[in-house]
Amino acid sequence: MSDIPRVFLDAMLIENPVVMTFVGALIAVVLPRSARSSYLPALRFAVTLFVVGIAGGGIVAASSSTAAPAVHIVVGLLGLGSLLAVGELRGEWLGMPQAVLAMAPLVGVQMLVATRDDFGLVVAAAGGSAIGFAVVYVLLGAIRESSRISETTDTFKTNPVVLFSLAVFAIAFAGFLFW
Amino acid sequence: MVHDQSLRIERVALLGLVTLLGATGDLATALAALGISAASALVVYAAWALVRLAASIPAAARWAACFAVGFAVSWALASVVPYVVPIRDGAVLFLRIAGLMPIVYYAAGDGATGRDVIVSWVQFALLMAGAGVVREFFGRGALLGYLPAGSFTIRAGFLASPTGAFLLVATVVLAARIVSAARARQTPGRAQGGGDE
């Protein structure tokens, strides 16, 4: 398999930013409430992660590493601003603005993508990460919704089910290997 | 404010989820991540106290400044730590973004009292150290890179893997819920933990 499809599939599955690389795990565990209400947010987050990954990861991959933290945080904050502008992350979470949930994936995806040494691979990695994030985000919304309306006691609903589901996803994703 | 310590553990696990998942593959990395998170939180709180004095600065700009400060501290410390403590390659990413975790900004939020913040940080420290011990000892058969004297382990490699990280955190959250529910049954009128927030 050539490099670009391999990097794309790696980023979407093995290095998925929610399941195996974790950087987007918190936002995907906390925010999606149901599958249907997750489609549009997942699309917005995916597009933002893709653009942020290409911009931040591409700049860092092509320039010196000393400027990397400044590039990552500036691009991450711009990505956060664009998410706020399209109506995402407007509420509060545990007394903090929901924006605090998005900084780790917005910066983390740049750092993951920046490890690639070719712009084509940067685009492939950013695309794979964005699609992988969106798919798992919607899946977790569905899992959260089905656990919430299940007949079990509140003890077993939502967060424990979502986290155990992520463990199962991790086992499944670890089974993929692309040469 | 959370009065039930069991339910607080679930919140703390979520506040530091990415660090808890990514930087607890071994005890040394877990302790390094904990130190970086705590240092970032102290500097962020100081920065928050400073920017709060300027009432004309919009809230969004204050938070953006705090994110930048938190990330700068964790990036700088994560660049130094590997010279002091052996850090696995994959874990450096999580040390660098430790300063962007919600636990670092918890004290600057509206919903937490001073006692709430301190207890949450104590629980976070215990979670990080506990996860580091369990994942390294049972996953790699060692502790701080050495086989503990007289011990014998059959490695359960999955505990050192991402799967083990999710399983461990999920188990802690579920255990906290079960304890909370058991206490609620013993104390009539007390709300049962769990459900959607």
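Visitor: What handedness does the crossing of H3(A) and H4(A) have?
Guide: In this predicted model, H3(A) passes H4(A) in a right-handed crossing.

Visitor: Why is H3(A) called roughly antiparallel to H4(A)?
Guide: The axes of helix H3 (residues 39-62) of chain A and helix H4 (residues 68-85) of chain A cross at roughly 160 degrees. Angles over 145 count as roughly antiparallel, therefore H3(A) is roughly antiparallel to H4(A). The two axes come within 9 Å.

Visitor: Which residues in H3(A) and H4(A) meet?
Guide: From H3(A) they include Val52(A), Ala55(A), Gly56(A) and Ile59(A). Among those in H4(A) are Val71(A), His72(A), Val75(A) and Gly79(A).

Visitor: How do the residues of that contact divide into nonpolar, polar and charged?
Guide: Eight are nonpolar, six polar and one charged.

Visitor: How many residues of chain A are in contact with chain B?
Guide: Chain A has 37 residues in contact with 43 residues of chain B. On the chain A side, the elements giving two or more residues include H4 and helix H7 (159-174). H7(A) gives the most, with nine residues. That side divides into 28 nonpolar, six polar and three charged residues.

Visitor: What scores does the model have?
Guide: The model scores ipTM 0.93 and pTM 0.92. Chain B averages a pLDDT of 88, and 90% of the residues score at least 70.

Conventions
Residues numbered from 1 in each chain as written. Chains lettered and ligands numbered in written order. Predicted model: local features only at pLDDT ≥ 70, side-chain atom pairs only at ≥ 80, totals over all residues. Axes fitted to C-alpha atoms, helices over the stretch in contact; angles between N-to-C directions. Helix = DSSP H or I, 4+ residues; strand = E, 2+ residues; numbered from the N terminus. Parallel < 35°, antiparallel > 145°, perpendicular 65-115°, else oblique. Left-handed = near helix turned anticlockwise from the far one by under 90°. Contact = placed C-beta atoms within 7 Å. Nonpolar A, V, L, I, M, F, W, Y, C, P; charged D, E, K, R; others polar. pLDDT = per-residue confidence, 0-100.
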